[in-house]
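Please look over the model below before reading my comments.

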Amino acid sequence: MYLKDFEIRWSDVDANRHLANSAYLNFMSHTRMAYLMGLGFTHKTMAAHEIGPVVFYEHIYYFKEAFLGKPVRVSMEVVGMSEDGKFFEFHHNFYDDKGRNFAHCEMMGAWMDLKTRSLTALSEDFLAAFNKAEKPDNFRVLTKEDTRKFVKIPKDLA
């Protein structure tokens, strides 16, 4: 499990004076990118391969409030990936300074080819980096069908 530490700043709280929803998203994004950079997915290497990560969804479950000035620890685990690396599922947990879990998130995404603007498999070197990474007991191989489990489709105005 990858862990990243944060402190709740003034800009992270909302009108209710607790950690804002947008701050949860920012902490998770920062944690994911720090994890990926550790695997070699830096801005430079992703630019060289002309790929970038895209998020399909982030489902956040809130258990307790978190407040200004308090330390926060955010975890990240790769709980699923397709065989070609195109699709991925990450789970995040938020912990207070006593290790109590106050929120959980399940997110799914994919890799996009920045030239064609379409989803793409990972190159062999990036896939090898993920294959060497630690995986939790609940890790599973994803298929395209896993990305469609909520059956949401666009509904245009016109």
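A salt bridge, as used here, is a side-chain nitrogen of Lys or Arg within 4 Å of a carboxyl oxygen of Asp or Glu. Note that the model is predicted.

1. **Salt bridge count.** How many salt bridges does the rule give? The count comes to seven. Side chains of opposite charge can pair when their charged atoms come close. Some of the pairs are taken up below.

2. **D96 and R100.** These two side chains meet in a salt bridge, with 2.7 Å from N to O. R100 is partly exposed, because its relative accessibility is 49% and the exposed class begins over 50%. Both residues come back under the largest pocket.

3. **R73 and D5.** Here too a salt bridge joins the side chains, at 2.7 Å from N to O. R73 sits in strand β3 (residues 71-82) and D5 in strand β1 (residues 2-7), so the pair ties together parts that are 68 residues apart in sequence. R73 has 36% relative accessibility and therefore counts as partly exposed.

4. **E89 and R140.** Their closest N and O atoms are 2.7 Å apart, in a salt bridge. Strand β4 (residues 87-95) holds E89, and strand β7 (residues 140-142) holds R140, so this pair links parts 51 residues apart in sequence. Is E89 buried or exposed? E89 is buried, because its relative accessibility is 4%. R140 is at 30% and so counts as partly exposed.

5. **H18.** This residue is in the loop between β1 and α1 (21-38). H18 is buried, at 18% relative accessibility; the class applies because the cut-off is under 20%. Which side chain makes a polar contact with H18? The partner is E65, at 2.7 Å. Beyond its neighbours within four places in sequence, H18 is in contact with D12, V13, E65, A66 and F67.

6. **Largest pocket.** Its volume is about 230 Å³. The lining has 13 residues, and those closest to the centre are E65, A66, D96, R100 and F102. E65 and A66 are also among the contacts of H18, while D96 and R100 are the salt-bridged pair of point 2. Strands β3 and β5 (101-113) each supply at least two lining residues. By class, the lining divides into six nonpolar, one polar and six charged residues.

7. **Second largest pocket.** About 190 Å³ of space lies here. The lining consists of F56, Y57, H59, T147, R148, F150, V151 and K152. Four of these residues are nonpolar, two polar and two charged.

8. **Positive phi angles.** Most residues other than glycine have a negative phi. Which phi values deserve a look? R17 is not a glycine, yet has a positive phi of about 65°. R17 is in the loop between β1 and α1, and is exposed at 65% relative accessibility. R117, again not a glycine, has a positive phi of about 60°. The loop between β5 and β6 (118-119) holds R117. With a relative accessible area of 55%, R117 is exposed.

Technical notes. Residues numbered from 1 in each chain as written. Predicted model: local features only at pLDDT ≥ 70, side-chain atom pairs only at ≥ 80, totals over all residues. Heavy atoms only, no water. Helix = DSSP H or I, 4+ residues; strand = E, 2+ residues; numbered from the N terminus. Buried < 20%, exposed > 50% of the residue type's maximum accessible area, 1.4 Å probe, protein only. Polar contact = N/O pair within 3.5 Å; in protein donor to acceptor, adjacent residues only side chain to side chain. Contact = heavy atoms within 4.5 Å. 1 Å grid on protein atoms, 1.4 Å probe; cavity = no way out; pocket = protein on both sides within 12 Å on 5 of 7 lines; lining within 4 Å. Points joined across faces, edges and corners; volume = space filled by probe spheres on them. Nonpolar A, V, L, I, M, F, W, Y, C, P; charged D, E, K, R; others polar.
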